[in-house]
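Reader: Could you take me through this structure feature by feature, giving the general idea before each case?

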Amino acid sequence: DFYARASRLRGADTRFLIGLDEHGQKMQEAAKREGKSPQQFVDEKAAAFRALYGLLQVSHDDFIRTSERRHHAFAKEIYGRVLARGDIYKGFYEGDYCVSCEKAYTKSELVAGKCPVHESPTTVIKEDSYFFRLGKYRDAVRGHIESHPEFIRPAERRNEILSRLSEEVLDLSISRSTFSWGIPLPNDPKHVLYVWFDALSNYISALKQPEDLYERFWPADCHVIGKDIIWFHTVIWPAMLLSAGYPLPRQVYAHGFILDKDGRKMSKHLGNVVDPLEVVKDYSVDVLRFYFLRTFSSGLDGKFSMEDLEERYQSELGNDLGNLVMRIAKLVSSRLGGTVRTPGHPQELDAHETVREFFGHVDSREHHRAVESLWTYVRKTNAYLNDRQPWKLPDGPDLERVLATSVEAMRVIAHLAFPMMPA
Ligand code: ZN
């Protein structure tokens, strides 16, 4: 949402898509455990996510759910194109599968026979399956990543993917026939499409219906994802697009995980879960957003601690920014009757460099550096006030110009802070 708002702030033609992938064995099993139909189950989840995004002031233009008809239509279309290209064949799949990941693992990837992510036992799958010739596209995908350094951000992730692509890449099982919650294959409706092959196509299906926005917005500037699903987005998805004849997105940016203050994963089991709704209730949505964008380095895991949040809240939002706003507002109110009538000294608090730096960091997907550029300017404005001490100046042009300069600085600060703190 920060990147989308920053893009709009700059006047760029922006479309921000979010959504939910709702198919697969995991969903069907979870629905069954709650005694619900899969559709009813995902409808309830979708309502909860929509409410959360609303509370967090996420400014998406579209929200796609892969159980929607418009998505089914395009997922079948891209499957059909890949099939027509000769890149799908029928075979037999046998292997270890983590239902929580919705991902197959080789024996060597398992840790003590368990899923390396969930540390839970995998399921052995043996069934007829359609395969996508992923291996055929390994060299093309690798070539694309090598010739487009900005395609994967951050760079560490790019190196990981390139190293995996130097090894053999197996063809991908893309259909299942032992459960039904998915998109039936047009050429063999007893099979449903593998949830990832289906889900990845959402990025284009949302641009096809209800309005045809494909020409205007594809290829996407950036897919923002969690680092655990980078293989799907930087290898499988590009291979699908190459096979189907679509251009590739310009960038995939993978963010890290939110860990607890000791660097452990948050989980119900460990009892260290922090509810974002509670933080929003106790502070505000702006404070939560500020904290993540300010302290979590782009692309890396970050440690969340209420003590750290409280300290940043006091020192940076309270002292640096809050006091600045109060000082300027009070002086303009008491000394100028609330209105600035003269121009300031723009060269004394020049913001051009700050704005350039800010958007440079936005472009390189380094939000924490963008916020740092802004905060450097906030501190510079505080220093300017301390230096010029307008509260000691007599009424007159000098006072007016110092305050006008400060108000102009506040205007710049308000604009650059907006993608982070929209409320
Ligand atoms: Zn797993």
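This is a predicted model: local features need pLDDT of at least 70, side-chain atom pairs count only at pLDDT 80 or more; totals for chains, interfaces and linings use all residues.

Reader: How many helices and strands does the protein chain have, and what share of its residues is buried?

Author: Helices (H or I, at least four residues) and strands (E, at least two) are DSSP runs, numbered from the N terminus, and the protein chain has 16 helices and 14 strands. Along the principal axes, its C-alpha atoms fill a box of roughly 85 × 45 × 40 Å. Buried means under 20% relative accessible area, exposed over 50%, and partly exposed in between, with a 1.4 Å probe and protein chains only; of the 423 residues in the protein chain, 48% are buried. A contact means heavy atoms within 4.5 Å, and among contacts with a separation of 6 or more, 75% come from residues 24 or more positions apart.

Reader: Which residues are the protein donors of the zinc ion, and what makes their arrangement tetrahedral?

Author: Ideal angles at a metal are 109.5 degrees for four tetrahedral donors. Donors are N, O and S atoms within 2.8 Å of the metal (3.2 Å for Na, K and Ca), and sites may look incomplete because water is not among the atoms. Here the protein donors are Cys98 (SG), Cys101 (SG), Cys115 (SG) and His118 (ND1), lying 2.0 to 2.3 Å from the zinc ion. Four donors count as tetrahedral if all angles lie between 85 and 135 degrees; the four donor atoms here subtend angles of 98 to 116 degrees, which makes the arrangement tetrahedral.

Reader: How are the donor residues spaced in sequence, and where do Cys98 and His118 lie?

Author: The spacing of the donor residues is C-x2-C-x13-C-x2-H. Cys98 belongs to strand β3 (residues 88–98) and His118 to the loop between β4 (103–105) and β5 (123–132), so the pair ties together parts that are 20 residues apart in sequence. Cys98 is buried at a relative accessible area of 2%, whereas His118, at 37%, counts as partly exposed.

Reader: How should I read helix α3, and which of its residues are buried?

Author: An α-helix has 3.6 residues a turn, so residues three or four places apart point the same way. The expected span of a helix is 1.5 Å times one less than its number of residues; for the 18 residues of α3 (residues 38–55) this should be 26 Å, which agrees with the 26 Å between its end C-alpha atoms. In α3, Phe41, Val42 and Ala46 are buried. They cover an arc of only 130 degrees around the axis (taken from the directions from the helix axis to the C-beta atoms), which puts them on the same side of α3. The cover over the buried residues of α3 includes β1 (17–20), α2 (25–33) and β2 (62–65).

Reader: Which peptide bonds are cis, and what is the phi of Glu102?

Author: A cis peptide bond joins Arg153 and Pro154, with omega about -5 degrees, and Pro154 lies in the loop between β6 (152–153) and α6 (155–165). The bond from Gln209 to Pro210 is also cis, with omega near 0 degrees. Glu102 has a phi near 55 degrees, a positive value in a residue other than glycine; Glu102 sits in the loop between β3 and β4 and counts as buried at 5% relative accessibility.

Reader: How many aromatic pairs does the structure hold?

Author: A pair of aromatic rings is described by the distance of the centres and the angle of the planes. Rings of Phe, Tyr and Trp (its six-membered ring) pair if their centres lie within 6.5 Å, and planes under 30 degrees apart count as stacked, over 60 as edge-to-face and the rest as tilted. The structure holds 22 aromatic pairs. One of them, Tyr3 with Tyr253, is edge-to-face, at 5.9 Å centre to centre and 80 degrees between the planes. This pair links distant parts of the chain, with Tyr3 in helix α1 (residues 2–9) and Tyr253 in strand β12 (residues 252–255), 250 residues apart. The rings of Trp196 and Phe232 have centres 4.0 Å apart and planes at 10 degrees, so that pair is stacked.

Terms used:
Residues are numbered from 1 along each chain as its sequence is written. Side-chain values use heavy atoms; hydrogens and water are left out. Four donors count as tetrahedral if all angles lie between 85 and 135 degrees; four count as square planar and six as octahedral if opposite donors are over 155 degrees apart and all others between 65 and 115; anything else is irregular.
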